[in-house]
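Thanks for coming, everyone. Let me put the structure up, and then we can walk through it.

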Amino acid sequence: VMSKNKGSESVKVVVRCRPLNRKEESNGPAGGIVQMDLRLGQVILRNPRASASEPQKTFTFDAVYDASSKQRDLYDESVRPLIDSALAGFNGTIFAYGQTGTGKTYTMQGVWLDPEKRGVIPNAFDHIFTHISRSQSDKQYLVRASYLEIYREEVRDLLDPNHGTARALELRESPDTGVYVRDLTSCVCKSIKEIEEVMNVGNQARAVGATDMNEHSSRSHALFLITVECSQPGPDGRKHIRVGRLNLVDLAGSERQAKTGVQGDRLKEAAKINLSLSALGNVISALADGRSGHVPYRDSKLTRLLQDSLGGNAKTVMVATLGPAPQHYEETLTTLRYANRAKNIQNQPRVNEDPKDALLREFQREIARLRAQLNHRKWRSKQKKEQVEGEGWERDGDEETEGEDEVEVEVEKEAQEYVKLEEQRLEREKEAIREDQFLLAEEKQRLLGEKERMMGDLRKEQEATEQLTAKYKAMESKLLVGGKNIIDHTNEQQKMLEMKRQEIAEQSRSEREMQQQMLVQDEETLELRETFTSLQQEVEAKTKKLKKLYAKLQCIKAEIQDVNDEHVRSRQELEQTQNELTRELKFKYLIIENFIPPEEKNKIMNRLTFDPEEDQWKFQPLVPAERSIRCCGDILAI
Ligand code: ADP
Ligand code: MG
């Protein structure tokens with residue numbers, strides 16, 4: 001609960017248990033094995049095969065949500081503060097962890113069309129855009145979304161129209177932003193509707209590639225990324241930009257993948273399926289332990305992408321999902337242990353202020369450049385108009401102080417007026433030429449042609465201005481301005497209601513924290529407070545205490561036994577995989593040694609290098625490739 005040092009805070013871990021489903025209910029009267037104490041934030045797990053005397057296992061978390069919990073409760077209490085932080089410029093991550101079928105997707109997405117059942121992601125969309133619409137008008141926002149998936153250790157862009165056939169994307173690392181996905185599609189979103197559309201497109205892409213959607217979603221990780229950039233004038237009068245990055249993650253199912261009888265390529269694939277998840281477990285263990293210096297982030301795509309979220313610059317919430325059915329006792333226990341470990345991870349979140357790569361800055365620059373161009377055109381056409389009207393030089397004093405919004409309207413009006421006057425003038429001149437009796441026919445033709453050409457130029461000029469104005473408007477519309485782009489339909493009463501609900505959520509959270517602290521203190525100070533009036537009473541009290549401690553000891557012993565068993569199991573699995581891979585290697589050696597001439601073999605071997613970024617062996621080209629010039633794509637086109 002208390003952070004170790006200043007600026008550091010632990011990963012928040014909450015647990016949610018879904019209701020028994022119809023099939024499980026019909027399985028008999030055994031009922032669920034998961035009990036929850038909402039007030040204390042505890043999960044009590046019953047082993048369905050244990051004798052009645054065996055103590056139940058109890059775990060404590062930041063919050064727990066039982067079968068009757070509402071999506072809204074979880075959001076207000078455990079997610080809202082995180083999204084608020086992201087809007088203030090912190091990085092934030094929510095990931096759902098648990099066995100397939102326990103409610104990860106229900107929690108993250110829910111049922112979109114049922115307001116009661118909308119999950120974390122749609123609620124976050126509402127939250128973000130409502131916040132922007134209610135913020136002050138000196139704030140400018142730029143919201144972007146990306147959607148990717150990790151399947152068999154390959155990163156796929158779910159917003160790429162060629163999703164199915166496109167190559168897997170590479171991870172890169174930059175000193176400023178950390179690990180990122182190269183060439184990932186990023187969509188600027190101006191409204192809830194637009195960002196929902198992005199989500200839809202990605203969800204469809206996910207389903208299209210999969211032959212069996214259930215299997216696919218249980219084996220792939222889905223990451224929805226939202227970047228919110230906010231610019232606001234600081235006390236120094238300059239605009240400062242804060243960038244909040246949100247990762248909304250629906251992980252692959254945590255259950256053990258059976259991999260019996262797999263060979264060759266399929267073996268390699270099977271080994272990759274849960275690599276990211278086991279790497280995540282190792283990272284969490286290393287961080288929770290706190291002693292081991294090395295944290296194996298680089299072992300998988302997922303852990304590299306979530307590096308900031310685990311032990312780094314981010315606020316993180318883990319939602320561990322459970323099923324209540326007795327037949328999944330083992331998996332449920334494993335999930336609870338995993339979640340329990342994650343509580344110990346310390347992060348160091350800080351506001352991202354004026355990062356070099358803020359896209360908002362580039363938008364502002366581009367908008368300013370377009371505005372300057374338009375202003376120049378305006379000035380030019382005005383100047384010409386005044387010449388046409390025969391007036392002298394006279395510039396408006398208020399030209400520079402005009403509001404930004406009026407600029408394009410003004411320019412258009414001025415330009416149209418100027419064109420009209422010019423056209424009239426040219427018409428008059430043409431008329432004069434036609435009526436001039438002293439001009440030769442040839443000369444007349446030439447002069448008229450010249451005037452035609454001038455009119456053509458004029459129209460071209462106007463078209464260019466129109467295009468510039470359109471571009472300017474399009475760019476500007478992508479920036480959301482506080483209290484302007486979205487009309488807030490909620491009335492004061494509703495706003496009050498929302499605030500009250502947030503207060504209540506905040507209150508129950510702090511109450512639970514206090515309860516948990518009291519529980520710990522109680523155990524520690526019980527004997528200090530007790531005074532005994534008789535020896536008999538002292539014996540009784542101490543016997544009670546002894547029994548309590550003995551029960552605790554038994555719990556811990558059982559825990560150690562369980563963890564040992566788990567280690568033995570996973571070691572056996574690793575040994576089995578190793579044996580299979582060794583057999584595979586022997587097979588390949590046999591072919592190489594017997595069927596490839598040694599000099600050919602050496603030539604090939606000398607050309608091979610390992611690329612750790614792509615986790616692949618690569619051939620070095622025979623002739624050095626020409627230095628390729630990387631061309632910066634038009635970043636503003638996205
Ligand atoms: P996962 O993504 O972990 O594989 P799902 O989210 O698909 O699991 O949930 C499996 C089923 O259980 C779905 O039919 C879902 O609607 C239902 N379900 C999950 N959690 C809840 C809940 N808290 N309340 C009601 N139904 C739930
Ligand atoms: Mg799912």
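**Walking through the model**

Let me start with contacts, meaning heavy atoms within 4.5 Å. In the protein chain, take the contacts between residues at least 6 apart in sequence: 72% of them join residues at least 24 apart.

Some ground rules. This is a predicted model, in which local features need pLDDT of at least 70 and side-chain atom pairs count only at pLDDT 80 or more, while totals for chains, interfaces and linings use all residues; side-chain values use heavy atoms, with hydrogens and water left out. Residues are numbered from 1 along each chain as its sequence is written, chains are lettered from A and ligands numbered from 1 in the order in which they are written.

Now confidence. pLDDT is the predictor's confidence in each residue, from 0 to 100. The protein chain averages 83. At least 70 is reached by 86% of the residues. Where does it fall under 50? One such stretch is residues 391-404, with 15 contacts beyond four places in sequence in the model. Residues 628-638 are also below 50, with eleven contacts beyond near neighbours in sequence. Where pLDDT is low, the predicted coordinates should not be read in detail.

Next, the overall build. The chain has 16 helices and 19 strands. These are DSSP runs, numbered from the N terminus: helices are H or I with at least four residues, strands are E with at least two. Of the 638 residues, 38% are buried. Buried means under 20% relative accessible area, exposed means over 50%, and partly exposed is in between, with a 1.4 Å probe and protein chains only. The chain exposes about 37700 Å², and carbon and sulfur atoms supply 52% of that. Areas come from the Shrake-Rupley method with a 1.4 Å probe; for residues, only the protein chains shown count as cover.

How many residues does the largest one have? Look at Val 15. Leaving out residues up to four places away in sequence, Val 15 touches, among others, Met 36, Val 43, Phe 61, Tyr 65 and Leu 336.

Now ligand 1. Gly 101 places an N or O atom 2.7 Å from an oxygen atom of ligand 1. For Gly 103, the distance from a backbone N or O atom to a ligand oxygen is 3.1 Å. Taken alone, ligand 1 exposes 550 Å², and the protein buries 64% of that.

Next, Glu 229, in strand S13, residues 221-233. Buried or exposed? Glu 229 counts as buried because its relative accessibility is 1%. What does its side chain meet? It makes a polar contact with the side chain of Arg 144, at 2.6 Å. A polar contact is a pair of N or O atoms within 3.5 Å; within protein, one must be able to donate a hydrogen and the other to accept it, and residues adjacent in sequence count only if both atoms are side-chain atoms. The backbone nitrogen of Leu 360 also lies 2.5 Å from a polar atom of the Glu 229 side chain.

Compare Glu 429, in helix H12, residues 404-435. Glu 429 is partly exposed, at 24%. Its side chain makes a polar contact with that of Lys 451, at 2.5 Å.

Last, backbone angles. Most residues other than glycine have a negative phi. Asp 183 has a positive phi of about 65°. Asp 183 sits in the loop between strands S11 and S12, and counts as exposed at 60%. Asp 354 also has a positive phi, about 45°. Its loop runs between strand S16 and helix H11, and Asp 354 is partly exposed at 29%.
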